[in-house]
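User: I would like to learn how to read the features of a model such as this one, taking one feature at a time. Could you start from the structure itself?

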Amino acid sequence: MEDSRAIILIYSPDQPGLVAAITDFINVNGGNIIRLEQHVDKQENIFFMRVEWDLENFIIPKEKIGEYFQTMYANKYDMTFRLYFNDYKPRMAVFVSKMSHCLFDILARYTAGEWNVEIPLIISNHEDLRWVAEKFGIEYHVLKINKDNKELIEAEQKALLRDYSIDFIVLARYMQILTDDFIREYPNRIINIHHSFLPAFIGAKPYHAAYQRGVKIIGATSHYVTTELDAGPIIEQDITRITHRDSVTDLVRKGQDLEKIVLSHAIEYHINHQVLVYKNKTILFS
């Protein structure tokens with residue numbers, strides 16, 4: 001059984017004494033620091049920090065830690081923070097359409113026990129991938145959405161998410177644009193994946209368009225979803241090189257491999273509380 005630990009993500013205006021104050025809070029209350037990482041953005045003059053500590057001998061009850069830290073330190077130093085505990089298993093919903101490569105990769109990692117997460121349901125606008133969900137024993141809900149019923153269907157989706165106590169959402173090649181109202185209910189809790197051709201090769205067949213242009217690099221980007229389309233804080237990216245020997249099929253295969261890896265890395269960072277969002281940028285702690 002893994003030891004009970006707390007993780008805190010912090011940002012504040014940079015000033016002397018921040019590291020000492022935060023570590024003092026943990027040390028004087030009997031905590032043992034396991035990991036600590038910090039960064040200062042000199043342009044913004046903002047201090048960022050992630051600290052993880054053992055709670056075995058910590059004298060403040062778990063349910064009171066946030067309150068104590070807010071009163072004793074956050075108010076004094078103008079800190080914004082989020083507190084997490086490793087023994088809480090977040091609940092994740094997966095949204096899909098017809099493409100299965102990202103879904104298979106997610107479910108393979110999930111069933112292998114790689115992630116401390118629960119996936120109680122998959123939501124789709126098509127029946128095509130129901131067999132995948134059934135293969136892995138996960139509930140599959142089809143809510144067919146179009147421009148005329150978008151508000152109604154999103155209300156049904158949100159009701160399902162509430163019923164299943166979902167903490168965050170992964171768009172595993174879900175080919176629909178979420179409304180602003182939907183996105184605002186899950187700030188920095190909706191993770192998307194797309195190829196890195198945007199905006200040069202938009203449309204249904206970006207790899208075909210890229211092939212016609214003779215691209216030398218293709219990539220994938222995973223980011224949090226915001227109300228500005230495909231412009232949210234970037235969590236993870238990767239690329240691979242392309243040559244004249246690669247066919248359209250090769251481009252699609254290489255691109256989908258990148259999408260799987262990049263999305264899975266982003267999910268893992270989110271689950272492990274390694275991502276701190278400030279404005280429209282992420283600090284990614286190791």
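Analyst: Let us begin with a helix: helices (H or I, at least four residues) and strands (E, at least two) are DSSP runs, numbered from the N terminus. Helix α8 has 24 residues and reaches 34 Å from its first C-alpha to its last, close to the 34 Å expected at 1.5 Å a residue, where the expected span is 1.5 Å times one less than the number of residues. After α8 comes His273, with a positive phi near 60°. This is a predicted model, in which local features need pLDDT of at least 70 and side-chain atom pairs count only at pLDDT 80 or more, while totals for chains, interfaces and linings use all residues. Residues are numbered from 1 along each chain as its sequence is written, and side-chain values use heavy atoms, with hydrogens and water left out.

User: How should I read the sheet, and what is the order of the seven strands?

Analyst: Strands of a sheet pair through backbone hydrogen bonds, either parallel or antiparallel. Two strands are taken as paired if DSSP finds at least two bridges between them. Here the open sheet has the order β7-β6-β5-β8-β9-β10-β11, with mixed pairing, and its edge strands, β7 (139-142) and β11 (234-241), each pair on one side only. Strand β6 (residues 118-124) pairs with β7 in the parallel sense over four bridges, and Ile122 has Tyr140 as its bridge partner in β7.

User: Which residues touch the most other members of the largest nonpolar core?

Analyst: A nonpolar core is a set of buried Ala, Val, Leu, Ile, Met, Phe, Trp, Tyr and Cys residues joined through side-chain atoms within 4.5 Å; buried means under 20% relative accessible area, exposed over 50%, and partly exposed in between (1.4 Å probe, protein chains only). Of the 40 residues in this core, Met92, Val94, Ile106, Leu107, Ile122 and Leu263 touch the most other members. Helix α8 (residues 248-271) gives the largest share, seven residues.

User: Where does Asp230 lie, and is His223 buried or exposed?

Analyst: An unreviewed UniProt entry lists Asp230 under "active site"; such positions are given in the numbering used here, feature names are shortened, and annotations may be inferred rather than shown by experiment. Asp230 lies in the loop between β10 (217-224) and β11, and counts as partly exposed because its relative accessibility is 34%. His223, in strand β10, counts as buried because its relative accessibility is 3%. Leaving aside neighbours within four places in sequence, the contacts of His223 (heavy atoms within 4.5 Å) include Asp230, His194 and Asn192.
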